[in-house]
Amino acid sequence: TLFRSGLKANEKLLEDILVLAKIVATRSVEFVTNVTICNNQQNPVNSWNLRANDTIQCDCHDKVLKEGKIFYSRQENAFQNLTPAEAEELGVEDSRDIRIKLLAQTFLASQGQIDKMSRLTDVFDSQKVYDETFRRSYLNYLNADVRRIIIAYKIGLVLNSPMQRLDETAPKKYAYVISRARNLVWALLTQAVFNDAKLASIVDDFGGSLAKEADFKELLKRLASARLLPVLRDVLANDSYSQRIADENYSFLRTREIFQRCMNVAADLNGWSKRPL
């Protein structure tokens with residue numbers, strides 16, 4: 001009653017207020033998404049938030065929840081705002097959630113697209129790059145195993161452990177350089193796990209939750225020192241990088257080129273091939 005009386009008292013003022021409206025008539029979800037992004041580029045709205053209701057994001061949510069019993073936060077703080085009763089009703093069994101930005105980085109790491117991992121705004125702004133990052137093949141129920149996605153995601157969660165092992169075991173002249181290559185290490189560790197002869201048991205043991213198991217950290221530390229370090233040492237010794245290291249120019253560590261060079265060396269040293277999610 002008070003609200004209605006307030007509207008009545010200020011009816012003339014309300015009539016004088018003009019609100020700009022734009023009507024878009026289309027059946028294309030992609031077109032609506034592009035219009036939304038373009039209209040909000042001048043506003044303080046993060047581009048990943050504008051993608052939250054995309055079909056691919058909803059499908060990611062459904063797959064992760066159905067197969068992994070994990071909540072996928074397409075929107076920031078969605079999991080924190082979930083009540084215990086709502087989580088139980090959805091069938092969520094994990095105390096941690098998968099988050100949209102870190103999932104994008106996980107996909108990019110698995111693809112070797114380390115140049116894009118620190119430029120997520122570009123990833124979500126560009127429809128082409130966005131589609132290449134969130135590939136439909138990752139959600140194919142016949143081929144894709146969500147546990148592999150969880151493994152790759154968890155590598156990012158516990159990356160400090162293998163990074164510390166590399167710092168302890170790397171030659172002094174390379175230790176600081178490697179410390180600046182976190183995304184490269186994440187991408188290479190993903191390939192190290194996917195090329196491991198015991199991949200099936202690794203997926204069984206660690207792909208069922210987001211728990212940061214001590215044994216999983218130990219596995220990554222062993223792979224870092226035994227598999228990654230010889231590769232990184234070989235690549236960083238290349239003359240094309242020596243001068244840049246001397247000049248403290250480490251931008252090359254964030255390129256697809258160095259990832260591919262590392263994979264070429266890893267193919268010779270470890271017998272690796274690039275394995276998809």
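Colleague: Which residues are linked in a network of salt bridges?

Modeller: Asp-115, Lys-116, Arg-119, Asp-122 and Arg-256. A salt bridge here is a side-chain nitrogen of Lys or Arg within 4 Å of a carboxyl oxygen of Asp or Glu. This is a predicted model, so local features need pLDDT of at least 70, side-chain atom pairs count only at pLDDT 80 or more, and totals for chains, interfaces and linings use all residues. Residues are numbered from 1 along each chain as its sequence is written, and side-chain values use heavy atoms, without hydrogens and water.

Colleague: How many salt bridges in the whole structure?

Modeller: The search finds 15.

Colleague: Where are Glu-213 and Lys-154?

Modeller: They form a salt bridge, 2.7 Å from N to O. The pair links distant parts of the chain, 59 residues apart. Glu-213 sits in the loop between helix H14 (199-206) and helix H15 (214-236). Lys-154 is in helix H10 (residues 146-157). Helices are DSSP runs of H or I, at least four residues, numbered from the N terminus.

Colleague: Are those two buried or exposed?

Modeller: Both Glu-213 and Lys-154 are buried. That means under 20% relative accessible area; exposed is over 50%, and partly exposed is in between (1.4 Å probe, protein chains only).

Colleague: What about Glu-67 and Lys-63, where do they lie?

Modeller: Both are in helix H5 (residues 55-68), four residues apart, about one turn.

Colleague: Why does Lys-63 count as buried?

Modeller: Because its relative accessibility is 1%. Glu-67 is at 33%, so Glu-67 counts as partly exposed.

Technical notes. Helices (H or I, at least four residues) and strands (E, at least two) are DSSP runs, numbered from the N terminus.
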